[in-house]
Each structure stands twice: as C-alpha cells, then as structure tokens.
Amino acid sequence: MEENRPAQSKIGRRLAKLRKQHGLSQQELAKRIQISRPSLAQIELGNRSLTILESQRISFVLRISLDELVSNNFSDPVPIEKSKIVSEKPMERVSVPSLKEEKFRNVLLYVLERCAGKPNVGETVLYKLLYFSDFNYYELYEEHLTGALYRKLPYGPVPHKLDSILYQMIEDGQLQRVKTTYHGYHQTRYLPLEKPKLTLLKASEKEVIDNVIDQMSDWSASSISNYSHRDMPWMASKEGEEIDYELAFYREVPFSARNYEDKVEEDGI
C-alpha cells in the first residue's frame with residue numbers, strides 16, 4: 001500500500017548508495033535509464049519520484065528487484081565484482097581525488113595573477129576561489145582540476161596541506177607572503193613572483209577558473225565565506241572532514257555550475 005512505501009527521500013538515498021556501490025557516476029546511470037542527469041540528481045535528493053519505467057530500468061541496471069528497491073526493510077548492498085555489473089561499455093571514471101601539485105601551483109599562480117592586486121583577496125577569498133574552481137570543474141566535467149582535498153573548517157572549505165605547498169612555493173621564489181590590513185582587519189596576502197604556465201591549463205579549465213574569478217573575486221571575505229556555507233558540498237559534510245566532490249552533483253541554483261534551468265528535459269521534469 002502507498003502508506004507503507006518508503007518516502008521519496010529514502011528511495012533517493014538508497015538509489016545513490018546503489019549507484020556508488022556499482023561504481024557509476026550520475027551521468028552514466030542517467031544515460032542507462034534514459035533520463036537527464038539533473039533529473040537523476042533530483043530523484044536522489046528526494047525531490048522527484050521514480051516512474052514505473054524508470055524503476056524497471058534501474059532494477060535491470062543495478063541488479064535489484066523492484067520490491068527491494070522500495071522495501072521498508074532494505075539492507076545495504078553487498079559489494080559485487082565490476083565484471084558482473086550490467087554495462088554497455090566498460091568506462092573508467094576518476095572519482096578519488098589525487099593532488100596534482102604542479103597543476104595546483106599553476107592554478108594558484110593564475111588566480112593570483114588576475115586577483116592579487118585586489119585589496120580584498122587575502123587568504124580567505126583565495127581559498128574559496130580555489131574551492132569553487134575545483135568543484136565547479138568537477139561538476140561540469142566529472143574530472144578533477146587540481147585534485148586537491150578540501151576540509152570543512154569553521155571559516156569555509158580549505159585545501160588540505162595548503163600551508164606546506166605555499167611554504168615551498170615561497171622557498172622556490174614563486175610567491176611572496178605579505179601582511180596587510182583591510183578595513184581594519186589583519187590580512188595575509190600572497191603575491192605571485194612568476195607567471196603561470198598557461199600551457200598546463202586546458203581551455204575548459206581556464207574557462208571555469210575565469211568564470212569563478214569574474215563572479216566572486218570582488219566579494220569580501222565574509223560574503224564569499226557565507227556563500228560557500230550555503231553550497232551543498234559544504235552543508236552535506238561533517239565538520240573537520242573531507243568534502244566529497246560527488247556532492248557537487250546535488251547543487252541547485254545559484255550554486256550549480258550547470259545551467260539546468262535552460263534545458264528542456266525529455267522526461268518532462
């Protein structure tokens with residue numbers, strides 16, 4: 001009966017868990033069940049219910065019965081071998097971030113080349129520009145830009161082990177650290193001492209970074225921090241823990257880097 005079925009939110013969380021258990025991205029699963037990725041994201045968030053046809057396709061792709069999919073007594077899926085996953089074609093997917101230090105240094109130099117002259121761009125603003133560049137790129141392309149890990153800290157997402165990278169860049173003569181005041185507050189700023197190697201940046205990477213800079217580089221530290229605190233990856237993470245890049249796929253307007261609103265979706269959402 002209808003009242004005995006799990007809530008949409010439970011089915012959505014269950015679907016997300018099953019999808020990840022099978023090593024599938026939202027894009028991959030959405031393609032196989034013939035809906036758009038934004039629609040799948042809404043289902044996993046519990047904002048949209050599954051149709052019968054979609055449920056049947058999910059049942060086939062994820063090797064789960066329809067009864068189990070909507071059961072109140074659902075148990076976590078048992079790990080399965082990748083060779084047993086139903087697949088149109090084997091697909092390799094980068095899901096675990098691994099820091100590309102040279103790329104990270106280059107992105108940092110590029111951001112500073114464009115923004116270091118702005119008096120508001122201290123450490124807080126700089127960290128957020130890096131965060132949104134990394135997470136926006138992953139949301140758009142399902143690939144890591146720098147592969148940096150970010151932690152949820154009180155003042156917003158901060159790249160993991162950034163201090164050691166900055167120290168080494170200062171030692172290598174790439175950066176200069178300066179202490180200033182801005183609107184009466186002490187501020188740490190970084191000035192680039194060499195130009196970024198633009199050949200290390202793909203056109204798509206540069207475009208994402210440029211968009212973040214154009215949108216946010218004039219914001220105050222408090223404004224950009226407050227904005228980052230309303231971003232889904234931040235809100236869904238636990239204090240002090242790493243922020244999962246996959247959470248970027250659950251963003252909604254205005255945080256989503258994808259312009260979902262202008263898309264006409266075939267499944268009627």
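Student: Why does E242 count as partly exposed?

Tutor: Buried means under 20% relative accessible area and exposed over 50%, with partly exposed in between (1.4 Å probe, protein chains only). E242 has 41% relative accessibility, so E242 counts as partly exposed. This is a predicted model, in which local features need pLDDT of at least 70 and side-chain atom pairs count only at pLDDT 80 or more, while totals for chains, interfaces and linings use all residues. Residues are numbered from 1 along each chain as its sequence is written, and side-chain values use heavy atoms, without hydrogens and water.

Student: What makes R151 and E242 a salt bridge?

Tutor: The term requires a side-chain nitrogen of Lys or Arg within 4 Å of a carboxyl oxygen of Asp or Glu. The closest N and O atoms of R151 and E242 are 3.8 Å apart, and the pair forms a salt bridge. R151 is itself partly exposed, because its relative accessible area is 24%.

Student: Why is E143 called partly exposed?

Tutor: Its relative accessible area is 37%, so E143 belongs to the partly exposed class. E143 also forms a salt bridge with K202, with 3.5 Å between the closest N and O atoms. E143 lies in the loop between α7 and β1 (150-153) and K202 in the loop between β4 (185-192) and α9, so the pair ties together parts 59 residues apart in sequence.

Student: How do you know that R19 and E44 meet in a salt bridge?

Tutor: Their side chains lie 2.7 Å apart, N to O. R19 and E44 are both buried.

Technical notes. Helix = DSSP H or I, 4+ residues; strand = E, 2+ residues; numbered from the N terminus.
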